[in-house]
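Student: Please take a close look at one part of this model, the aromatic side chains and what surrounds them.

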Amino acid sequence: MRGRGTDAAAAVRVTTGRRALLVVLMLLAVQLVSLARPAYACGCGAMVHDPKTTMAVNRETSVVHWDGTSEQIVMSLTVDGTAPDAAWIMPVPHRATVRLGDRELFDRLGTLTAPAVEERHYFWPRSGDWPFGGTYDRAAAPPPGARGPGVGVVGRERLGPFDVARLTATDPAALRNWLTSHGFRLPASLASALRPYVKQRWEYVAIRLAPAEARRPLAGALEPLRLSFASDRLIYPMRLSRLAKTPQSLGLYVLAPHRMEPRSAIGGTRPEVFFAGRITPEGPLRDLSGPRRTFLTALDQRFPQPHRITGDHELLRAARDTPYQRITYTDSLLVVGGVPAWVLTAGGLQVLLLAAAALLIGLRRRRSGEAPSPAVRVAPPPG
């Protein structure tokens, strides 16, 4: 009887040990456990919400300023759906400070990077031009900290509609417990995406937001957030975007001493530069980058298959500070003195033809009206 009891106890211990090992492995593999699952992940981090609601990030636009030692990111997200609240996490390489951004910043950048408008003229009339329609009057062209085990709370602030927590974490279980107990319910799928950041000992900015009016869905452009942290490289976190289930688009304005370009496409389409040039910062731009002239590089990129994203964007100095600006052409009928040039040309040709015809007619009439020359008689020789 004693042997059987000993065997049973040993079996219980083995079973308990296996369960404990399984729990440990799950904690290591799943750093953040949640009942919510992401419907969309923005480039700056993972956006999550209640699974009974919907949310989509229609567009992510960010401004990045880097001076060689420090970096600032101003994020603007445009969302749509039925979720009354949501949250996301953004990893940062060093300790960050967070405050609200300025919406006017994006309006200013949109004006600076707008395409230049140039007018081109065509000679022959097209549909809508006289005589196919319209008049001679031409319409105007359209205007164009120290890190310890577990989780550390660096700070927590209320910024407008945002509840912002700045965290350090080296223990996945501690990070999970803190986020769960403070209302940041994040999906288990974030575990594998966050693992590289934990290994590199990055920190995190956990952001929870809700609309000003209770039970009102989050929609439209959210209040911009501005993050500042030390960095000897220009990094834009994108790794968490691989969790997205729908295609993404990213607009990135980069303010730096020189023209910058991504090291690679990191799984998206080739980044397209739609503006590059030196600018003199004014207004909100001056507040972000200082009064000195700086180089602005504007990029646009699409990620048709987000699961192919391989890492974060690292931007490097381009070989040359070559300026670039898009050009939008407006085509208009060539007009001289308010009259289409083709009308003047056609009229001039007609006048020349009439003049030539009149000249030929006059020559013919002159020849037909002349008297015949008298005949010359030759006298016969004498004899």
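Is Tyr-197 buried or exposed, and at what relative accessibility?

Tutor: This is a predicted model, in which local features need pLDDT of at least 70, side-chain atom pairs count only at pLDDT 80 or more, and totals for chains, interfaces and linings use all residues. Residues are numbered from 1 along each chain as its sequence is written, and side-chain values use heavy atoms, with hydrogens and water left out.

Tyr-197 has 1% relative accessibility and so counts as buried (under 20% relative accessible area; exposed is over 50%, partly exposed in between, with a 1.4 Å probe and protein chains only). The structure holds 2 aromatic pairs (ring centres of Phe, Tyr or Trp, for Trp the six-membered ring, within 6.5 Å; planes under 30 degrees apart are stacked, over 60 edge-to-face, the rest tilted). Tyr-197 and Trp-202 form a tilted pair, with 4.8 Å from centre to centre and 40 degrees between the planes. Trp-202, at 6% relative accessibility, is also buried.

The rings of Tyr-253 and Phe-274 are edge-to-face, because their planes stand at 80 degrees, with centres 6.1 Å apart. This pair links distant parts of the chain, 21 residues apart: Tyr-253 lies in strand S13 (residues 248–256) and Phe-274 in strand S15 (residues 272–279). Strands here are DSSP runs of E, at least two residues, numbered from the N terminus. Tyr-253 is buried at 10% relative accessible area, and Phe-274 is buried at 11% relative accessibility.

Returning to Tyr-197, the charged end of Arg-239 sits over its ring, 5.3 Å from the centre (CZ of Arg or NZ of Lys within 6 Å of the ring centre and within 35 degrees of the ring normal).

How values were computed: Helix = DSSP H or I, 4+ residues; strand = E, 2+ residues; numbered from the N terminus.
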